[in-house]
Amino acid sequence: MLVEFCQKLRNARIPVSVTEYLAMLEGLQHHIAGCSAEEFYYLCRVTLVKDEKYFDRFDKVFSAHFEGLDEWFEQLFGDIPEEWLAKQAELLLSDEEQRKIKTLGGWEALMKTLRDRLQQQADRHQGGSKWIGTAGTSPYGAYGFNPEGVRIGQDRSRNRRAVKVWDRREYRNLDDNVSLGTRNLKLALRPLRRFARQGALEELDLDDTIRATARNAGLLDIKMVPERHNAVKVLLFLDVGGSMDIHVRTCAELFSAARSEFKHLEYFYFHNFLYDFVWKDNRRRSIEQITLMEINNNNGRDNKLILVGDASIIPYEITIR
Amino acid sequence: MKTRFAGTDTYIATEDLMMAVNAAVNLARPLLVKGEPGTGKTQLAEEIAKALDRPLIYWHIKSTSKAQQGLYEYDAVARLRDSQLGDARVHDIANYIVKGKLWDAFDSELQPVLLIDEIDKADIEFPNDLLLELDRMEFFVYETQQRVLAKHRPIIVITSNNEKELPDAFLRRCFFHYIRFPDKATMERIVDVHFPGLKKRLLRDALEVFFDLREVPGLKKKPSTSELLDWIKLLMAEDIPREALRSDAPRTAIPPLHGALLKNEQDVHLFERLIFMNRRDAR
């Protein structure tokens, strides 16, 4: 049953490996998940899933695979022992009351009715009607012991929560919803960097110093290296206006990420397409224009070019003119 | 020695969190904890240590941290200096081996709780460099040809703010728990633990304002549990009357001392604009 479950998780593209499966079994063996469906669910989740973005998918698979798990656990652990019920009743009822019960058809009959009622309640509870509430009219209510009280030890959590934990789907928001923040963009931009040692001597090269000193029979021989810095030069072209309006926030984040990540960054704006000119200040785009020729001549071959755009034109720009 | 964790008198643990901690403690696996900032990830390790009565060893990770620093460091510069001065210590290399946090944890007489805080801050290779050490709980000191073995497998709690994806091989070895933002009932219990004398109604009003504020769309940094606790502390210190929280026209009044909840200039602006718009609409 559990192997199949893992297979289903894998089919849902949740990366579950043998290691994790074995860890879960180990957990079961150590009785970490006791005897409720909820604990079993939590144990499975903590051992099998390693990222909150899979939680929602996991919930769905779990719900589909273990349908009726609650009932199963109930069958296993939830049978109400008769002696226990009897004891409970004896505790609660006076002798006179117990005699009254006898007139209702005796203990056996009473227990049978009670169990039927409990069964009924379990079924009807899912429909949402409050069977217990109407129990006041039943003989049990009259003798002052509450069937709900008997039940409580068995599955309180079920009474309290109509919806099972895994059916609540609380992690829906987290599923593959990791938005691109400035930080993520920075990380994405990082591979573009090329470190190079250029310029003056700056840093103490500890490894080389030790090696040189050792070779020098212990006399200190200090070696220096130039500090590493990012040598990549970047030209960033951003499409603005029209269809790009909806991406403004993403662009702003990308821009601030790129600004802090590259030492040499030049940015330009364009609209729809790189025509013969671009500009640096959106408010003065008609006055301060920079021709592409100028950019071409001023920046050498070692520059990297990043174009940001959505490759589309908003329809009204074509139709209105 | 206790091995079951059920929260402490200053820390409310949800059912799934307890399960995660107990599974990690009993099966001796590191527990990776993620969650919104301010949901008590770091505090969890402190509370586990307190609840189970173990020493806590705190290893805070920075962007410059290296896995090797957690094991040991060879202070070559000190040795070099000593050699120039003709110090006798220089002949024994062991004098220049500086123990790291992991070594401390391995050496502890009592099974310790080791907190590796904000592992995502470090270089991408950092978790990979710790795989073997976390798996086998041993490492080798090359300088002194010494094998360091853990006396007891430490309980390891690792926190991450999700700034980097962690490598799969590392994740395989961990148990994972995501601390969800507490719902209203849990939040009430949390506040109750921190401010036992708080009036029920003030608490309910404050929570209402707080959860409303979290619903405001577009906030850069949503206020979290720690902000709420700070805010309530301020409310109590300033002795703000309950009525101030409960305005007749909701969504048109700025809650008192909102600076404790919103930490970002843009968020405050956004919030004030929204309030302003609501007022205009209400008129």
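## Exercises on helices and a strand

The axes of helix α3 (residues 37-48) and helix α4 (residues 55-65), both of chain A, come within 11 Å and cross at roughly 135°. This is a predicted model, where local features need pLDDT of at least 70 and side-chain atom pairs count only at pLDDT 80 or more. Residues are numbered from 1 along each chain as its sequence is written, and side-chain values use heavy atoms, with hydrogens and water left out.

**Exercise 1.** Work out how α3(A) lies against α4(A) and which residues meet.

*Step 1.* From α3(A), F40(A), Y41(A), C44(A), R45(A) and L48(A) meet F55(A), F58(A), D59(A) and F62(A) of α4(A), where contact means heavy atoms within 4.5 Å.

*Step 2.* Sorted by kind, the residues of this contact are seven nonpolar, no polar and two charged.

**Exercise 2.** Check the length of helix α11 (residues 225-238) of chain B, then find its buried residues.

*Step 1.* At 1.5 Å a residue, its 14 residues should span 20 Å. The end C-alpha atoms are 20 Å apart, which agrees.

*Step 2.* Buried (under 20% relative accessible area) are T225(B), E227(B), L228(B), L229(B), W231(B), I232(B) and L235(B).

*Step 3.* After α11(B) comes D239(B), with a positive phi near 55°.

**Exercise 3.** Is N303(A) buried or exposed?

*Step 1.* Find N303(A) in strand β9 (residues 303-308) of chain A.

*Step 2.* Its relative accessible area is 18%, so N303(A) is buried.

Methods. Chains lettered and ligands numbered in written order. Helix = DSSP H or I, 4+ residues; strand = E, 2+ residues; numbered from the N terminus. Expected span 1.5 Å × (residues − 1). Buried < 20%, exposed > 50% of the residue type's maximum accessible area, 1.4 Å probe, protein only. Axes fitted to C-alpha atoms, helices over the stretch in contact; angles between N-to-C directions. Parallel < 35°, antiparallel > 145°, perpendicular 65-115°, else oblique. Nonpolar A, V, L, I, M, F, W, Y, C, P; charged D, E, K, R; others polar.
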